[in-house]
Amino acid sequence: MIFSRDLPILNAMEPIVGNLFEDNYVKTGILKCDCEKCRIDIILLSLNHLSPHYTSSQAGEAYVKALYLEPQLQSDVLRELTKAVKVIEERPNHT
Ligand SMILES: [Zn+2]
């Protein structure tokens, strides 16, 4: 079986979670550890607790932007990011 990423499918939550994390946690310098491993773990944990919003990658950018501007969505993402940051800070997987 081949699991390829050739399908033009995008989970709009990926860039949105990434952006909100960057702006609210990475740039503000409030993370206990901002190594690559911790940052990815926080994003993955958040994404796993949020409903995906799939779009085709052609329509992607406009869709992501529209979704990004929804206050309800931003607050859901920030809530999950806050929880994920706490979990990873307590149990970091970095060595
Ligand atoms: Zn770390």
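The points below cover two helix pairs and one residue.

This is a predicted model: local features need pLDDT of at least 70, side-chain atom pairs count only at pLDDT 80 or more, and totals for chains, interfaces and linings use all residues. Residues are numbered from 1 along each chain as its sequence is written. Helices are DSSP runs (H or I, at least four residues), numbered from the N terminus.

**α2 with α4**
- Helix α2 (residues 36-49) packs on helix α4 (residues 71-90) at about 130°, with axes 8 Å apart. Axes are lines fitted to C-alpha atoms over the stretch in contact, and angles run from 0 to 180 degrees between N-to-C directions.
- The angle makes α2 oblique to α4. Angles under 35 degrees count as roughly parallel, over 145 as roughly antiparallel, 65 to 115 as roughly perpendicular and the rest as oblique.
- From α2, Cys38, Asp41, Ile42, Leu45, Ser46 and His49 meet Val77, Glu80, Leu81, Ala84, Val85, Val87 and Ile88 of α4. Contact means C-beta atoms, placed from the backbone, within 7 Å.

**α1 with α4**
- α1 and α4 pack at about 65°, and their axes are 10 Å apart. That makes α1 roughly perpendicular to α4.
- Ile16, Val17, Leu20, Phe21, Asn24 and Tyr25 of α1 meet Gln74, Val77, Leu78, Leu81 and Val85 of α4.

**Glu22**
- Glu22 sits in helix α1 (residues 13-26).
- Glu22 is partly exposed, because 13 other C-beta atoms lie within 10 Å. The cut-offs within 10 Å are 20 or more for buried, 12 or fewer for exposed, and in between for partly exposed, with C-beta atoms placed from the backbone.

Definitions and conventions
Two residues are in contact if their C-beta atoms, placed from the backbone, lie within 7 Å.
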